[in-house]
There are 2 protein chains.
Amino acid sequence: MGGTEEAPNGSMAPIGGEIMGPTNPMVTPLLTDLYQYTMAYAYWKTGKHLDRAVFDLYFRKNPFGGEYTVFAGLEECIHFVANFKLTDDEISFLRSAMPTCEEGFFEYLKGVTCSDVEVYAIPEGSVVFPKVPLIRVEGPVAVVQLLETPFVNLVNYASLVTTNAARHRYVSGQNKVLLEFGLRRAQGPDGGISASKYCYIGGFDATSNVLAGKLFGIPLRGTHSHAFVSSYMSADEIPDKTLKSRDGSRNCDDFFSLAQSWLKKVQSVSSLNGLFGETNQSELAAFTSYALAFPNNFLALVDTYDVMRSGLPNFCAVALALNSLGYKASGIRLDSGDLAYLSIEARKIFNLIEKEFRVAGFGKMVITASNDLNEETIDALNKQGHEVDAFGIGTYLVTCYSQAALGCVFKLVEIKDQPRIKLSEDVTKVSIPCKKRIFRLYGKEGYPLVDLMTGEDESMPKEGERILCRHPFIESKRAYVVAQRVEELLKCYWPGRSNEPREELPSLNKIRSRCIKQLEQMRQDHMRRLNPTPYKVSVSAKLYDFIHYLWLNEAPVGELQ
Amino acid sequence: MGGTEEAPNGSMAPIGGEIMGPTNPMVTPLLTDLYQYTMAYAYWKTGKHLDRAVFDLYFRKNPFGGEYTVFAGLEECIHFVANFKLTDDEISFLRSAMPTCEEGFFEYLKGVTCSDVEVYAIPEGSVVFPKVPLIRVEGPVAVVQLLETPFVNLVNYASLVTTNAARHRYVSGQNKVLLEFGLRRAQGPDGGISASKYCYIGGFDATSNVLAGKLFGIPLRGTHSHAFVSSYMSADEIPDKTLKSRDGSRNCDDFFSLAQSWLKKVQSVSSLNGLFGETNQSELAAFTSYALAFPNNFLALVDTYDVMRSGLPNFCAVALALNSLGYKASGIRLDSGDLAYLSIEARKIFNLIEKEFRVAGFGKMVITASNDLNEETIDALNKQGHEVDAFGIGTYLVTCYSQAALGCVFKLVEIKDQPRIKLSEDVTKVSIPCKKRIFRLYGKEGYPLVDLMTGEDESMPKEGERILCRHPFIESKRAYVVAQRVEELLKCYWPGRSNEPREELPSLNKIRSRCIKQLEQMRQDHMRRLNPTPYKVSVSAKLYDFIHYLWLNEAPVGELQ
């Protein structure tokens, strides 16, 4: 009943010691479905609320037609658990929402914390598979039920968008820079903030989202928009056009004129074959303004008017002008049109300019592309050939457009030491009962071969021994596995009252490294986009027998009439 | 610059007087793309930051294959604008994120508020159409750019999910109860919280999300889950089975036995034809426990074991036992199987029981259905025929699964009184220049006929006069319209330094009523699911001529070689 433990909210120290609250302060014990509280009341009313129950959080099917998922969201769950405590204000609201409930229940709720809840989980950033518990929660049934909705909410989207990011990384290749630009199209403010965090874990390099940069230390990227370019009508709008050379030794009084003179030189390059005619001078003014503000970091969006006829020559002129003052321009961004063709043409021009004006490195100018990109369009670009160095990806990435939800569930698997099974006409929806341990068995070549679930009381499978791994539901599917290495997946992240040591929550960069490493060590046939091979998830012989014993016991025998 | 106005954050009163901040405290001036700040710096550096600019927020295509959209998210935008002010901590972060920028810029940012920004918008909850500005923002270009990302973020998902809710209401019909159950599958915590708010605006009746109930006063609904049922093994787990009759006159010592005795009566009803055999007694125990907790509000999930053979007879037994003590059960929830068939069978049984045991109203028991429902499945249920009274809808509703993003954009249309146009190879992406007014013209029958955009300086179209309405881009598409009524759509929600009176922000229930009324008054052919008729969006003759004059002026003449 726990009325005596330290209050984690307000002025008192959190139970978890150093563990802070969830990123979004709206993640509170009220961020749950009403039925969690009505059930808690029914449990309390019949004195069942303290019965110890075990729930598994898992999903049933990998997203995006793939055969893997990256698990994310754990840190937020632990932050939530560590600070779980209803405020007086929240209790008052519940009292008004459940007016027929006895006052004793609200007194009980006041004292509820997660001090007697145990949370075991697979480390965040791991590659995971259907049916395997990502999180196992044990504690008083009423309290654990209250955690269901926030846990599932915090894990579902986090894992979905991390997996989506990992898939975008996979199709882009390791040597491309991936930028997450999704905030404006995300599903609400923290749809955007979470997306930035989890895309970084999934292998992205940076985000445009300033708040995510502040909250999580994710590198930030961004230059200017079309509106910036079209807001300039002429260079007269720039009263001060002076720019000091990079080393401070010279002063250019009129950087716009310098850029114009470089534009003339570019236009007259014979190897460009008279490609460049008159350019839009208001665009040149906008580029000049941006270069004056960021001479060390000049990256221009070149498609406001016309990439080939205006944006590119204007960019080259400003970049060469910067170069003549000792600066090095960064590159261009393409946000429309045929990105394969335009990037190839831009690269050709950069190389010609490098040669013509002997500007070392000009050919290596970064080309960023950013127009409604997704796995399919990047794959198509790769097939066509392109010269894009960096992809800026928004809508399709952060909203997980091709599959906007992952179906994580939270199922009772044991109560008062009695295993529970949830049956369904649909076999894929039958739950795997019992408090379980999970092992990942690795083969000779270092790849994971199979995940194996066992009962809590079974001994750990041994390296080098033949281990019988059975499909949980299909009798004929089974295999002996000799594991080179056995890794226990579930670790204790919140020990409750047990004496288990608590796993430290790793930094964001460590989670990201784990994710990248885990993805690399998977056998490639599980990872490919088309017809990937399913990874095997199995149960021990003992657990198999027990599942089917329970199943027969619980299932009513049908009658056909 | 602006260092003298009242600071809206911290201990001082917000500029907007009584206007509170956004629902999610993470919606701050840093919730934006980095490039808004780099552009602001470039503007500031060239002294252009105070140039007055007008931006339109609009979308280009209705979602979900429909021909209408409901505009939502405005209140959050106004709350944001009213409290826009960077804290010292935020300024410090920006300083570290943009290390090459001059200190004077950060001094300028410190004083930035939206006191000289004007926000005009269509009222929240209105039915709106592509290309028409939902929000028009005017102010110093650097400040208005900073609003772009949060505004688009706050409007995109809000409008998308409100529209999705409205479409679910449309297909369900006015007399069904619609419950939003999406929190666990939403895209992050406030994906869930926003969904609850905006689904309510779009015509839903209640949510399961407790926090949304607290924040917005939305009615809450919820009973129990499968886990609750499977957590009970027998009635022995209920030590106290007493229940007082509703009027307090009698005491039932063992409500479980009372339910068992009613179960026997139900099983022996001849008109049920021996339909009910042995039921799962642990399910009966769970129902009993729930009924003891909520005797006035007993609604049971009946598909944990088997709807027809266990859930329904157990429910009827408990409901009849409650009835015998003067209570009235609420109904059942079906969460799997053939919802059309099961609901029809359940209704038949409820009617038979009403007749057999003369329990008035038993046949009207509420049947709620809730398994992966969406527009299509509800439409299919309607075509088959069903007896469902209430739909609980989650994943497909809140994630907008069939189209997870609305593409709202924020485009510069005027700066320093100069109209700006954004060209594109794709005509649907060309922006409509100029600071504009928007009128909705209504026909004789009360339906809206067309939305008309005019320049700011044009006179308002008059009722009863012939008004030439032109397609903005296609010369041949034009029509004379005689409007019975003319409604100006853009209203002033944030007057900035102007003397315009500020529109009050209506309550959530008023927004919801507006939405429902607006949807009702649309001509039905725009609303139907299959092949709806597009609603016409037009420009005045004068604006048409001006768009095409600008277009010709700005577009480079192509050269084919």
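Student: Which strands make up the antiparallel open sheet of chain B, and in what order?

Tutor: Strands of a sheet pair through backbone hydrogen bonds, either parallel or antiparallel. In this predicted model, 6 strands of chain B form an open sheet with antiparallel pairing, and the order is β15-β14-β1-β5-β3-β21. The edges are held by β15 (418–419) and β21 (491–494) of chain B; each has a single partner strand, so one side of each lacks a neighbour in the sheet.

Student: How many bridges join β3(B) to β21(B)?

Tutor: There are 3 bridges between β3 (residues 118–121) of chain B and β21(B), and the two strands run antiparallel. To find one of these pairings on screen, go to Tyr120(B), whose bridge partner in β21(B) is Cys492(B).

Student: Which helix lies across β1, β3, β5 and β14 of chain B?

Tutor: That is helix α5 (residues 141–172) of chain B, which runs at about 155° to β5 (135–140) of chain B.

Student: Now to the sheet with mixed pairing: what is its strand order?

Tutor: This open sheet, also in chain B, has 6 strands in the order β19-β18-β22-β17-β16-β20. Here β19 (478–482) and β20 (485–488) of chain B are the edge strands; each has a single partner, so one side of each is left without a neighbour in the sheet. On average, neighbouring strands of this sheet are turned by 40° against each other, direction ignored.

Student: How do β16(B) and β20(B) run, parallel or antiparallel?

Tutor: They run antiparallel, and 4 bridges join β20(B) to β16 (residues 436–442) of chain B. Within this pairing, Leu441(B) has Val486(B) of β20(B) as its bridge partner. Helix α17 (residues 541–554) of chain B packs on the sheet, where it touches β16, β17, β18 and β22 of chain B, and its direction makes about 80° with that of β22(B).

Student: Let's turn to the interface. What area is buried between chain A and chain B?

Tutor: The size of an interface is often given as the accessible area lost when the parts come together. For chain A and chain B this area is about 8900 Å², with 61% coming from carbon and sulfur atoms. Met26(A), Arg184(A) and Gln187(A) supply 10% of the area that chain A buries against chain B, more than any other three residues. Each chain brings 111 residues to the contact.

Student: How many salt bridges are there between chain A and chain B?

Tutor: The count is 10. One salt bridge is formed by Lys416(B) and Glu237(A), whose closest N and O atoms are 3.6 Å apart. Across the interface there are also 42 residue pairs in polar contact. On the side of chain A that touches chain B, helix α1 (residues 34–45) of chain A gives the most, with 10 residues. The residues of that side divide into 53 nonpolar, 35 polar and 23 charged.

Key
Residues numbered from 1 in each chain as written. Chains lettered and ligands numbered in written order. Predicted model: local features only at pLDDT ≥ 70, side-chain atom pairs only at ≥ 80, totals over all residues. Heavy atoms only, no water. Pairing = 2+ DSSP bridges. Axes fitted to C-alpha atoms, helices over the stretch in contact; angles between N-to-C directions. Contact = heavy atoms within 4.5 Å. Buried area = accessible area lost by both parts, 1.4 Å probe. Salt bridge = Lys/Arg side-chain N within 4 Å of Asp/Glu carboxyl O. Polar contact = N/O pair within 3.5 Å; in protein donor to acceptor, adjacent residues only side chain to side chain. Nonpolar A, V, L, I, M, F, W, Y, C, P; charged D, E, K, R; others polar.
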